[in-house]
Amino acid sequence: MSSLCIGFLGLLMGLAGLAYAMVAKPDIKDAAKAENNVYYWSDGSQMVATGGEVNRQVIDYAQIPEAMRNAVISAENKSFDSDHGIDPMGIARAVFNMAKGGQVQGGSTITQQYVKNSRLSQKQTLGRKFEELFITLKVGSEMKKKDVMAGYLNVSYYGRGASGLQAAARTYYGEDAKNLDASQCAFLASLLKGASYYDPAGAPEVDPVQATPEKNLARATKRWKWILDEEVKDGRMTQKERDRYTEFPMPDKPKRNAQLGGQIGYLVNTAKAEIFAKTGITKDMLDQGGYEIHTTFDKKKVNQLSEAVKRVYDENIDPKKRPLYDTHVQFGGSSVDPKTGAIQAIYGGVDATKHFQSNADPTGAAVGSTFKPFVLAAAMEYGKRDPSGGPDQDDSQRTKVSPLSIYNGANKLKIRKYNGDVWVDKEGKEWLQTNDDHDSYGNITLREAMQWSANSPYVQLGMDVGTDKVKKAAIAAGLEDNQYMADSSVPSFSIGTSSPSATSMAGAYATFAARGQQREPFSVTEVEKRGKPEYQHKMVTKSAFDSAIADNVTDVLKNVVEKGTGTSAQLPGREVAGKTGTTDDNLSAWFVGYTPQLSTAISMYRLDDNEKNKDRGFEKMYGTGGKDKIHGASFPAQVWHDYMAEAMKGVKAQPFPKAEPIGDKVYGGGASKKPSPTPTPTPTPTETETTKPTPTPTPTPTPTPDPTDSCGTWGWNCQNNGGANAGTVQGNDGGTDAGTSQGNDGGADAGTTGGDDGTDGGTTNGGNDNGANGGNSNSTGNNSTGNNNWWGGATG
């Protein structure tokens, strides 16, 4: 037995010796090779060849500052000067993890990292790890330490396409490496831990949540300080020198590739983000190049969307003429195929080399009333709760809701819980929900409330169904439950305080267009490297809603475009469903709509691009474009219309499926079956969202019945309308668009119900400060992250 063991060990040693002899030391020249990545349009034609952006200039050891060597040793490998280049325990951990299918770990010494980073392919396998072990042993025994250090710093990746210290020094500081100071060296050393998370410029295409400029700067600053402190502990820097470095050495802003101008940069970044999220391809690997990326983007539609935005902007927005109102105006947009989820076009901004963040991604702009369809879907899916039951009720206790259900459309409606108790916030304040322009509608069907974008019925409906169910319906439709989803425990959640991306909204509405079948929006169909497939998109279809629910939502939204606030989006000869959205203090405006073949979302807001402006935030759009107020029905709907009119040319018009009756006719918000006077409909609404039935309570003649309802959309003889529980304003309270008001706080568009009420939020009357949203927000309104506070709301 012992002889067998000795023989086996001898065989292993022989194999190890052979492996040692066969492996070669790293060649920096080979590592310097990089190829372009080629991106293709949906028709297979080339969009752009870019992305093989690795630049490297090899420098000698003498040109590497001692401060850089010290920073790297203190941060990564304190025993570098004396070790043999390997960390046996680290290798054992890596091999064990790989053997059991766990995450592959990188080399833990500078020598091991040098070997790893010198290789073109960064894929980690068990066999590759063993090969690297033998290369590391050879490097450790045959190369001088200074050559290993120079090699490591010359091949390491520092982000922004820079491989090697000299390239990094030029990229981040515009300096040669030899001129870097110890503070700058400490920052560059921090990038070696992962440039995507330590570059203050951020890398949202890699990780839109964690790799933001703000989080990266905080992360980089913390590690920069730590590295300098470690150098002092290790005796590589004196405390006196350390005390000189108190301010973080902020690097230069990234330079933009001219090839990525216009919309191309946004398209490429969208595709890259999907590659990082759905494949094993890392940013470092993509920067090496050699990939062919086939996208879903339709060149013609991308140009049509860009042209539609430019036309509306050029004809209406004039910063020189109206500097107080027309500066910082931005649009965002996205267009999704309901049948597949393919993103066919996006509008990210005026130019990707000038305006860096894509406006098709989350921007913090709240969606307002475009969120209401999810409330209606939830009401039909889950039903109105029994007031006598508990908060968590099963289907047997709930009543599925028909779009013909009647709710109180009063302005400043006192919002109640499902059981009839008045809802109050943590401070005991009641909620008085206002409507856009403070119009009251009396008793109104949910179909009509959507048509005229009345807020109070949908806020109360959300409370009756449960805002948790509303959130569930929104997520089922395709919205993500992330930091852009607002607090769902408050009433205003139902009228769009969330701020999902334009792509998410287009995708969620596409679910209704697809009769309840949800398909995640995607931009990459396949990725190849030198002809070999690396990734291929597989469509996954989820049943979000029953087709009857989706068809009824579509029917209600179709009515919005035919008769309500969305008439400016009509496409002659083609059926369109859509919804306008405007938010408190006129901070953002949206139009989201669809035909059976294409769903498109358009956003508009004002936000300063200058990141140095620490006080920047969303700015009010009163007066923008010469309009008193920007509604979703104005410029956003105009962009939507102009784009869709072109995008749908040559596409056969298709009707939406007929909506079948669904649910029961219920009453909410204090509405009852008792007959009451009704609002007068306006036969031909104009483009603004303020076009609504005249709120004066006068009887009206009966118009022609709507085919979807035996009583008709305006079948007043069949419906019972009234202003029951029309909302009470006490003392000098002024209501915000989200509805609450108390004491002497005036809110945005609060009107003047008393001497101390604020008008248009921010006016000070009688010595009382009346800020937007009930006196609690500054002049910019809600914060730019989209996580609106509980008093934030939506109109239109």
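Two strands are taken to pair if DSSP finds at least two bridges between them, and helices (H or I, at least four residues) and strands (E, at least two) are DSSP runs numbered from the N terminus. The model is predicted, so that local features need pLDDT of at least 70 and side-chain atom pairs count only at pLDDT 80 or more, whereas totals for chains, interfaces and linings use all residues. Residues are numbered from 1 along each chain as its sequence is written, and side-chain values use heavy atoms, with hydrogens and water left out.

Strand β1 (residues 37–40) runs antiparallel to β2 and is joined to it by 4 bridges; valine 38 has alanine 49 of β2 as its bridge partner.

Strands β3 (residues 291–295) and β11 (residues 524–529) pair in the antiparallel sense over 5 bridges, with tyrosine 291 bridged to lysine 529 of β11. Strand β11 is also joined by 4 bridges to β12 (residues 532–536), again antiparallel, and glutamate 526 has glutamine 536 of β12 as its bridge partner. The hairpin of β11 and β12 has 2 residues between the strands, and arginine 530 takes a positive phi near 50 degrees there.

The axes of helices α17 (residues 372–381) and α20 (residues 467–477) come within 8 Å and cross at roughly 110 degrees. Axes are lines fitted to C-alpha atoms, for helices over the stretch in contact, and angles run from 0 to 180 degrees between N-to-C directions. Helices α17 and α20 are therefore roughly perpendicular to each other; angles under 35 degrees count as roughly parallel, over 145 as roughly antiparallel, 65 to 115 as roughly perpendicular and the rest as oblique. Phe374, Val375 and Ala378 of α17 meet Lys469, Val470, Ala473, Ala474 and Ala477 of α20. By class, this contact has 7 nonpolar, no polar and 1 charged residues, where Ala, Val, Leu, Ile, Met, Phe, Trp, Tyr, Cys and Pro count as nonpolar, Asp, Glu, Lys and Arg as charged, and the others, Gly among them, as polar.

Technical notes:
Contact = heavy atoms within 4.5 Å.
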